[in-house]
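Dear colleague,

Please read them with the sequence and the coordinates open beside you.

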Protein chains: 4
Amino acid sequence: MSGTRRTRGRPRDPEADEAIMKAALELFVERGLEGASIEQIAKRAGVAKVTVYRRWSSKEDLLTQAIEHARALVPEDDLWAEARPDAGRLLDSWVHTLGDARFRAVLAQLIGSSVTQPALLATYREQFIEPRRRLILAALKRARDGDDGDDDLNTVIDMVVGAAMYRMLIGPDDPEAGRDYLTGLLRQAERLLGPP
Amino acid sequence: MSGTRRTRGRPRDPEADEAIMKAALELFVERGLEGASIEQIAKRAGVAKVTVYRRWSSKEDLLTQAIEHARALVPEDDLWAEARPDAGRLLDSWVHTLGDARFRAVLAQLIGSSVTQPALLATYREQFIEPRRRLILAALKRARDGDDGDDDLNTVIDMVVGAAMYRMLIGPDDPEAGRDYLTGLLRQAERLLGPP
Amino acid sequence: MSGTRRTRGRPRDPEADEAIMKAALELFVERGLEGASIEQIAKRAGVAKVTVYRRWSSKEDLLTQAIEHARALVPEDDLWAEARPDAGRLLDSWVHTLGDARFRAVLAQLIGSSVTQPALLATYREQFIEPRRRLILAALKRARDGDDGDDDLNTVIDMVVGAAMYRMLIGPDDPEAGRDYLTGLLRQAERLLGPP
Amino acid sequence: MSGTRRTRGRPRDPEADEAIMKAALELFVERGLEGASIEQIAKRAGVAKVTVYRRWSSKEDLLTQAIEHARALVPEDDLWAEARPDAGRLLDSWVHTLGDARFRAVLAQLIGSSVTQPALLATYREQFIEPRRRLILAALKRARDGDDGDDDLNTVIDMVVGAAMYRMLIGPDDPEAGRDYLTGLLRQAERLLGPP
DNA sequence: GAATAAGCGAGACGGTACGTCCCGTCTTAGC
DNA sequence: GCTAAGACGGGACGTACCGTCTCGCTTATTC
């Protein structure tokens with residue numbers, strides 16, 4: 001009755017997919033693109049190497065899918081999915097994310113690997129970053145009645161997000177990049193968004 | 001006065017140092033931290049592996065020093081070393097740097113490798129980035145007579161530099177991050193630096 | 001009856017064994033014990049180094065087995081395996097062997113390496129030399145009805161074989177050690193085996 | 001006044017020659033041609049590597065000369081230099097030499113190295129072996145009044161010397177190759193030298 | 001119920017890099 | 001000009017992983 005015909009032979013173990021993607025993401029975060037070898041991924045997932053290769057043609061494919069898969073598991077995403085989310089809670093969420101070492105590790109690894117493998121970072125940007133930017137842009141346009149061009153608003157977003165990421169990725173390791181710093185950024189942004 | 005006694009035996013070949021650091025930096029840019037193996041560095045430099053190991057105890061030491069060394073070779077640095085450099089030329093220099101794929105590759109790799117090896121990025125920050133920031137900060141303070149706190153000025157610098165780097169490292173690959181984009185950033189910065 | 005369970009995983013490639021032992025023997029003959037490095041053996045056999053190390057724990061083990069293996073491939077051995085081989089054909093075989101540069105090289109290398117590594121020569125002696133000596137001894141005893149002690153017969157064999165090898169290994173390089181020389185040796189041996 | 005003009009600069013240390021040749025010979029005996037590296041020879045002689053290379057152009061040159069040099073130091077040689085040495089004492093000498101592990105090691109290494117480097121063994125043969133053979137041949141001819149050809153006598157010498165060396169170099173390691181064995185060989189030789 | 005087919009763990013395969021050691025050559029300072 | 005010291009390019013060492021491959025076994029579908 002169901003549309004999808006079952007294939008012949010032994011079916012794939014669905015738990016393996018889960019375990020492999022989990023292990024892949026963990027290793028990528030911990031040791032980067034090179035450190036996340038199929039060998040290690042298979043070992044950590046408790047799976048034979050062929051089992052990985054049968055499902056994904058390359059490490060990059062696997063990681064891309066693992067990133068997409070992981071996104072669906074993050075409950076916080078729901079907040080960003082709301083049409084008009086609460087600004088305070090978004091700030092909290094943003095502070096929380098930026099302070100998370102795991103997040104920093106993922107993003108740093110993605111940027112590093114983008115030199116030889118741009119697809120991963122592109123996936124991440126489209127999956128995580130762009131939706132959030134679009135949400136913020138829409139909120140700003142609502143607040144401003146659209147009297148500024150998108151370009152200017154986008155530049156302001158770039159400045160806020162860019163400063164935060166710059167601080168997190170490159171800036172000195174002082175733990176200053178917390179709520180106070182973000183609040184300062186937003187205060188400056190308000191001036192840019194106010195009347196000239 | 002000198003007092004430093006020359007050591008016995010054949011002195012180390014200074015050309016080898018040069019060749020090794022050059023090869024190391026090239027490979028790091030091309031293939032990242034893992035791809036820059038001592039084996040390949042030595043081969044490209046036309047040097048025996050021991051010759052590398054004699055001078056540097058680890059790949060990270062080598063790369064750190066290679067980055068420091070490379071900085072001294074960049075003539076453009078002179079511009080930034082001037083007490084009161086010309087703003088237009090600085091902007092040109094900045095545009096040129098941000099548009100350079102090599103620069104992007106180095107910085108991206110450094111950020112990626114900072115997860116497991118923070119020293120490299122720290123060296124780069126202290127050698128390249130901080131001096132430029134200090135110069136800009138001083139210029140801004142001169143212009144503003146110091147009526148703003150350092151924190152605010154630093155935040156503005158973060159926003160400009162951060163936005164530029166964000167665009168270069170993460171942002172969509174459109175080649176928009178050129179002179180026009182930077183000019184837009186600076187225009188916004190002027191507003192932040194003007195009277196509230 | 002067999003009981004030997006096949007082990008799991010991919011079985012070892014029997015052609016690799018063959019190629020490795022062949023390459024090892026060739027290199028040993030050409031360049032001696034030291035020249036026959038695992039690195040070169042693997043390269044010549046078209047095989048990865050691990051593949052060698054998986055099978056043999058040391059170079060000496062490998063060469064010992066290679067010598068044993070090579071013996072089984074020499075068809076001439078069949079002649080010596082016959083119960084009552086034809087004396088003329090044995091002489092031909094002996095002349096042929098002594099004139100073979102390869103044979104001289106193997107034996108010379110084995111003797112040289114026996115100083116630091118006696119096992120190789122011992123294997124060779126037991127595999128090649130002793131069987132032939134036993135065969136000759138048996139033939140002599142048949143001919144003489146056993147009225148001499150083994151010691152005397154063995155001494156005569158020593159004298160014939162020893163003279164031939166001495167000529168081949170140490171003696172001046174004149175190509176005299178051919179059929180005439182061996183025939184002369186055997187004529188002298190007949191006198192020793194005849195009535196006193 | 002004297003004919004030989006002293007050259008300029010510091011004269012070579014004559015003790016160095018001695019020490020180097022001694023060390024070279026020792027290492028050759030202990031570890032063979034490959035093991036007797038200039039590095040090790042210099043270290044054991046307590047001398048810099050250049051000091052060795054300045055005097056000899058190659059390892060083989062050095063060893064050849066070391067062998068020649070060593071011969072002059074062996075007092076036993078005087079016995080063989082006598083016109084009509086005492087047969088009993090010669091036998092003693094022979095037994096002593098064949099039983100000496102050092103002698104075996106030298107000869108075995110020389111034979112092994114002759115595959116790639118025949119000069120060493122040739123020197124040894126001409127310096128040590130041939131003179132002794134000539135002496136024995138002369139003695140036999142004196143005793144026999146020359147009624148046999150040289151060839152036959154040489155063959156008998158080959159058989160005795162060959163058997164002894166075969167036993168020492170290849171034969172089973174039983175310590176049988178002592179005085180009794182040699183005496184047996186000589187007894188057999190007497191039969192060959194007697195009337196047909 | 002037997003045949004077929006695909007998934008699975010295990011492990012061998014060729015290849016590359018590791019960091020160390022030693023080789024013979026070279027290039028310096030010091031006597 | 002000799003000496004000791006030590007750097008040089010080259011190459012082998014034995015180990016560890018890499019991604020690919022090839023086994024025997026297991027599990028499911030199909031005939």
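**Chain D against chain C**

In this model, 45 residues of chain D are in contact with 45 residues of chain C, where contact means heavy atoms within 4.5 Å. Please bear in mind that the model is predicted, so that local features need pLDDT of at least 70 and side-chain atom pairs count only at pLDDT 80 or more, while totals for chains, interfaces and linings use all residues. Residues are numbered from 1 along each chain as its sequence is written, chains are lettered from A and ligands numbered from 1 in the order in which they are written, and side-chain values use heavy atoms, with hydrogens and water left out.

Between them, chain D and chain C bury about 3600 Å², 60% of it on carbon and sulfur atoms; buried area is the accessible area (1.4 Å probe) that two parts lose on being put together, summed over both. Within chain D, the residues that lose the most area to chain C are Met159(D), Tyr166(D) and Ile170(D), which together account for 19% of what that side buries.

The rule finds 4 salt bridges across this interface, a salt bridge being a side-chain nitrogen of Lys or Arg within 4 Å of a carboxyl oxygen of Asp or Glu. Arg187(D) forms a salt bridge with Asp152(C), and their closest N and O atoms are 3.7 Å apart. The elements that give two or more residues to the side of chain D touching chain C are helix 1 (14-35), helix 7 (101-113), helix 8 (118-144), helix 9 (150-169) and helix 10 (179-193) of chain D, where helices are DSSP runs (H or I, at least four residues) numbered from the N terminus. Helix 9 of chain D provides the largest share of that side, 13 residues.

**The surroundings of DNA strand F**

DNA strand F is surrounded by 45 residues, and the closest are Ser37(A), Glu39(A), Tyr53(A), Tyr53(C) and Arg54(D); a residue is near the strand if one of its heavy atoms lies within 4 Å of it.

At Gly9(B), a backbone N or O atom lies 3.5 Å from a base nitrogen of DNA strand F.

With best wishes

Methods: A polar contact is a pair of N or O atoms within 3.5 Å; within protein, one must be able to donate a hydrogen and the other to accept it, and residues adjacent in sequence count only if both atoms are side-chain atoms.
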